[in-house]
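Trainee: Please give me a close look at a single part of this model, and then relate that part to other regions of the chain.

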Amino acid sequence: MQYKIVGGVLITPYRMLTGWEICIRGSSIVRVAPRHADDDTAWQVVDAQGAFVAPGFIDLHVHGGGGFDALDGTPEALLGMARLHAVHGTTALMPTAMATDPEELARLFSAWHRCIGKGRDGAQLLGIHLEGPYFAPGQCGAQDSSRLRTPDPTHYEALLAAADGAVARWSAAPELPGSDAFGRRMRDAGILASMGHSNAAEDEVRAAMENGFTHITHLYSTMSTITRRGGFRFPGLLECAYLIPDITAEIIADGCHVPPALLRFAYQQMGAARLCLVTDAMRGAGTDSGETILGSLEHGIRCIIEDGVAKLPDRSAFAGSIATADRLLRTAWHDAEIPLCDAVHMLTLTPARIAHLPKKGMLSVGYDADIVLFDRNAAVRRTFVNGVCVWCAPGGHDFRVPQNGAPA
């Protein structure tokens, strides 16, 4: 199929463009230029009717959605969550696994391999993100503390062998014994080593960066802030995100895990090129169920959904996000008052660069044809994944946006 998208407001990392068109041939973008109507007969023309046209959203931390969790360990679960998130503008995602037993991970690895090259109606499945089990005691969040352990080569080499290339990212606490060797192993394997669920202080963070860690998992959630040693105060992992210019970080921009004011503060300190937005969504995302399960159906944690977030049954803590990418955009743009180009940047080009995806994250010739159309309320109207239209909102919607691109 050859598509030409016209009549929209194109969003680049630095500006918005009107009167331009995007041409898609196969899975790639082949033209981004001022409108040229002479050859319209050669294309299936999509009239955006004033909608914003942006690169597809990339989610580097998503456990599930639509009633599915990655740890269900089936192709149906992975493809089901991919379909749900594509409806909300996500064109590529990293299925994320909580700390669990090797058998559940083995099922996930097998399911992931069986999904590659399949599922033409949802977001692209990137490599798997292992969140744990190398966490600091007291920083496990909603995860099962009985599964925590320190990095041990015998343990992680066995998982890497079982994964057979399926793992793209691994989150761990960098201060634990054995973390330096673990970070170097991840770097050598081309796996993104991310710091999270951690009590690290600045010296430990800097040492971790020398040994392969480059990213921070869900800023503000389950991490150290200013710590004291013998009365003296030292920066924690949170402050290091702001202090060390080579670190990138992600933030759960659902408006619950971090209030809009702190989201704006993080953006002001780090900028759109170092901070990306993630959902950290669990299986309840996209559903209105009052109860759900975090993790696998067999061994997961029961939780409740209320106030726009998943909580532990006793309401003592959050159990995960039920956000989708359009909600992240809406929170950043409307509530945190982050400029639209930068909010989109944090959902597209920044995660693409963090995950080393060289052909994603921009509306540019030669890039993958991952494209999302959305209106002034951040409601998604069309989603293209690798040149295939996987979602088109039904009915006639008002795509009109103000001339300056600001929300109405």
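**Strand pairing and its surroundings**

Mentor: Strand β1, which covers residues 2-6, runs parallel to β6, and 4 bridges join the two. Within this pairing, K4 has V45 of β6 standing opposite. Pairing here requires at least two DSSP bridges between two strands, and strands (E, at least two residues) and helices (H or I, at least four) are DSSP runs numbered from the N terminus. This is a predicted model, in which local features need pLDDT of at least 70 and side-chain atom pairs count only at pLDDT 80 or more, while totals for chains, interfaces and linings use all residues. Residues are numbered from 1 along each chain as its sequence is written, and side-chain values use heavy atoms, with hydrogens and water left out.

The pairing of β1 with β6 belongs to an open sheet of 4 strands, ordered β5-β4-β1-β6, in which the pairing is mixed. At the edges of this sheet lie β5 (28-34) and β6 (44-47), each of which pairs on one side only.

With strand β21 (residues 291-294), β22 pairs in the antiparallel sense over 4 bridges, and T292 has C303 as its bridge partner in β22. The hairpin formed by β21 and β22 leaves 6 residues between the strands, and G295 in its turn has a positive phi of about 100 degrees. Strand β23 (residues 309-311) is also antiparallel to β22, joined by 3 bridges, and there I305 is found opposite A310 of β23. This second hairpin, of β22 and β23, has 2 residues between its strands, with a positive phi of about 60 degrees at D307 in the turn.

The helices may be read next. In helix α3 (residues 153-163), H155, Y156, L159, L160 and A163 are the buried residues. Seen down the axis of α3, these buried residues fall within an arc of 125 degrees and therefore line one face of the helix; the arc is that of the directions from the helix axis to the C-beta atoms. Buried means under 20% relative accessible area, exposed over 50% and partly exposed in between, for a 1.4 Å probe and protein chains only. T154 and A161 are exposed residues on the face of α3 turned away from its buried side. Among the elements that cover the buried residues of α3 are α2 (102-115), β14 (167-172) and α4 (179-189).

Two single residues complete the account. A77 has its place in helix α1 (residues 75-87) and is buried, at a relative accessible area of 1%. Apart from neighbours within four places in sequence, A77 is in contact with F68, D69 and D72, where contact means heavy atoms within 4.5 Å. Between A77 and L108, which stand 31 residues apart along the chain, the C-alpha atoms are separated by 9.7 Å. H345 lies in helix α9, which comprises residues 340-345, and is buried as well, since its relative accessible area is 7%. Leaving aside neighbours within four places in sequence, the residues in contact with H345 are P13, Y14, A272, A273, T350 and P351.
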